[in-house]
Protein chains: 2
Amino acid sequence: MIKITTKIRYAIRLLIFLAQHEGEMVFLKDVSEKENISFKYLEQIIPYLKNSGLILSKRGARGGYILAKKPSQITIKEIVQSIEGPIAIVECVASSEYCNRSNNCVPNKLWKKLNEQISDTLETITLEDLMLNRISMEVS
Amino acid sequence: MIKITTKIRYAIRLLIFLAQHEGEMVFLKDVSEKENISFKYLEQIIPYLKNSGLILSKRGARGGYILAKKPSQITIKEIVQSIEGPIAIVECVASSEYCNRSNNCVPNKLWKKLNEQISDTLETITLEDLMLNRISMEVS
DNA sequence: ACTATTCATATGGTTTTAGTAGGAATTGAA
DNA sequence: TTCAATTCCTACTAAAACCATATGAATAGT
């Protein structure tokens, strides 16, 4: 049902790598090799992160990528949203017009609750938290 | 990324319908018509619910379906799991052998946390809660 | 015998996922 | 000025998942 795609997982690993090399320009080739992720696939993920203002790039030889913000200011939610847009586990959670049942739809509230919970969790966790292994397993 | 499939949503609506007609044998045809869900698709969902012991059936004319347990004893988690098996937003959350990185995998903890949170939420909500519209939006 | 229902299984179209591939554009350095 | 290293851009594809539709057999009540 609820699957995290490789795009999102790779994006996070890429960004953690950048966070671990804060201040340096990092070649995608290095990320690909060290993280063992397809270079060409990574290249496809990059534009989302650029467009969302999470990373900056420099072209040409000795180019590379660098975080646009401090790791503490990048939430997992931002990363996810940069790739997949608004978080909506069902369409009717995002757009109320989607389903004519939505007025008296019993399950709707369930999906809304679950959706908010996921969204909230992802928002409270930053790249820095991941980097420092600072994820508590207690439910907030 | 994170989508609730129609199978799950239809299953829940089907079960709510059964809950609303507790004690009676219900025809799938009625569910299909009242809930406006493809009859043939519903038929495909039924076996999962039967195998998990959520519903009972009676064949032949005047047959039908009925809940096998009280609505208060059926959790959403059970319903989801009956259709999709164990809840695992990434494979490495379920089986630790899946990925050789899992020892020192930074994001793993994040997925584990999110997975547990989703799992917990679905477990605390029963069919009865849905039926009585008893879903609080506060994060538990 | 007839009808209404569940049960079993096969088939198919569309979308998403997870890549691969080729080459253009840019830049630094020799 | 040339070369090499890098990002950027776009097209393509195989496989899986999703969302059904279709056909008919088995069963049971009337």
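Guide: Contact here means heavy atoms within 4.5 Å. By that rule, 41 residues of chain B and 43 residues of chain A take part. Keep in mind that this is a predicted model, where local features need pLDDT of at least 70 and side-chain atom pairs count only at pLDDT 80 or more, while totals for chains, interfaces and linings use all residues. Residues are numbered from 1 along each chain as its sequence is written, chains are lettered from A and ligands numbered from 1 in the order written, and side-chain values use heavy atoms, without hydrogens and water.

Visitor: What makes A:R13 and A:E35 a salt bridge?

Guide: The rule asks for a side-chain nitrogen of Lys or Arg within 4 Å of a carboxyl oxygen of Asp or Glu. The closest N and O atoms of A:R13 and A:E35 are 2.9 Å apart, so the pair qualifies. It links distant parts of the chain, 22 residues apart: A:R13 sits in α1 (6–20) of chain A and A:E35 in α2 (28–35) of chain A. Over all chains the count comes to 12.

Visitor: How many salt bridges cross the interface of chain B and chain A?

Guide: The rule finds 0 there. On the chain B side, α6(B) gives the largest share, 14 residues. By class, that side has 24 nonpolar, 5 polar and 12 charged residues.

Visitor: What is the area buried between chain B and chain A?

Guide: About 4400 Å², with carbon and sulfur atoms giving 67%. Buried area is the accessible area (1.4 Å probe) that two parts lose on being put together, summed over both.

Visitor: Which residues lie nearest the centre of the largest pocket?

Guide: A:C99, A:R101, B:R9, B:Y10 and B:R13, out of 18 lining residues. On a 1 Å grid over the protein atoms alone, a pocket is an open set of points where a 1.4 Å probe fits, with protein on both sides within 12 Å along at least five of seven lines; lining residues have an atom within 4 Å of a point. The volume is about 300 Å³, meaning the space filled by probe spheres set on the points. α1(B) supplies the largest share of this lining, 5 residues.

How values were computed:
Helix = DSSP H or I, 4+ residues; strand = E, 2+ residues; numbered from the N terminus. Nonpolar A, V, L, I, M, F, W, Y, C, P; charged D, E, K, R; others polar.
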